[in-house]
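Here is a short report for a reader meeting this structure for the first time. Please look over the sequence and the model below before reading on.

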Amino acid sequence: MEQSTEDLPVLLAQTGPLEGERWTIEGELLIGRDPNCDIVIITHDKQVSRRHAKLTLSDESVLVSDLGSKNGTHVNSQLIHEPVALQDGDTIQISIAQQFVFLSSDATVPLGTEGLDGKEDQKLLRLDKRSRRVWIRKQELDPPLSVAQFAMLELLYQADGDVVSRHELISTVWGEEHAYEVSNQALDALVRRLRDRLAEVDPKGNFIITVRGHGLRLENPTA
């Protein structure tokens, strides 16, 4: 029996020149700078090798392999040397040029806000963790947020109006091991960029509230 496309895994492009695009994984996807690749990443500095990495669909999993690239392939921030079996929600970084997120099924990618119910559906701002999509007043934010912007917004969203400390924000976005290396200025710059992105959809909205001396909270009233 032919497999439904909704049962097939999906690769979503996040930060990088391909941001917002997606591909269904039906066999093998070759990623690189070469025009003959299935996913072509063009950069001016040639950070991406001509044949950089590939994804291979097998009966049991999807494997990602680095093809001896100059600048490496990372899965969940870890440099890979051998093929790695992907799990739902894993991130794939091609050099410093392009990041992808892997979803185990196309059915996990929401096509819009239909089908959302309960109290969460009534909020002005909604997000979907698996596809990393954000809606404000049922209008989708396009292009998608960067990985760092989404990580910050997701943490505030999950706190549901409670204050999140600056240290927790930094640890979540940059990682606990780098938390003490990140300056307050870097965090403030990320907050400004996230506010600017949300204002593209709702210029009058004031979703991210600074609580001086404590941190940030998300102001997300019902529609």
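## Contacts and make-up of the chain

Among the contacts in the chain with a separation of 6 or more, 47% are between residues 24 or more positions apart. The model is predicted. The chain has 223 residues, and 46% of them count as buried. Its secondary structure comes to 3 helices and 17 strands.

Start with strand β1, residues 10-13. In a regular strand the side chains alternate between the two faces of the sheet. Here, Val10 and Leu12 point one way, while Leu11 and Ala13 point the other way. Are these residues buried or exposed? All of them are buried.

β1 pairs with strand β2 (residues 22-24) through 3 bridges, and the two run antiparallel. β1 also pairs with strand β11 (residues 98-103), again in the antiparallel sense, over 4 bridges.

Leu30 stands opposite Lys54 in β5.

The table sets out these pairings.

| Strand pair | Sense | Bridges |
|---|---|---|
| β1 and β2 | antiparallel | 3 bridges |
| β1 and β11 | antiparallel | 4 bridges |

## An open sheet

β3 and β5 also belong to an open sheet of 5 strands. The order is β4-β3-β5-β6-β9, and the pairing is mixed. Which strands stand at the edges? They are β4 (39-40) and β9 (84-85). Each has a single partner strand, so one side of each is left without a neighbour in the sheet.

## Two packed helices

Now turn to the helices. Two packed helices are described by the angle between their axes and the distance between the axes. Helix α1 covers residues 147-159, and helix α2 covers residues 166-174. They pack at an angle of about 135°, with their axes 9 Å apart. That angle makes α1 oblique to α2. The crossing of α1 past α2 is right-handed.

Which residues make the contact? From α1 come Ala148, Ala151, Met152, Leu155 and Leu156. From α2 come Glu168, Leu169, Thr172 and Val173. The residues of this contact divide into 7 nonpolar, 1 polar and 1 charged.

Technical notes
Residues numbered from 1 in each chain as written. Predicted model: local features only at pLDDT ≥ 70, side-chain atom pairs only at ≥ 80, totals over all residues. Heavy atoms only, no water. Axes fitted to C-alpha atoms, helices over the stretch in contact; angles between N-to-C directions. Parallel < 35°, antiparallel > 145°, perpendicular 65-115°, else oblique. Left-handed = near helix turned anticlockwise from the far one by under 90°. Contact = heavy atoms within 4.5 Å. Nonpolar A, V, L, I, M, F, W, Y, C, P; charged D, E, K, R; others polar. Pairing = 2+ DSSP bridges. Buried < 20%, exposed > 50% of the residue type's maximum accessible area, 1.4 Å probe, protein only.
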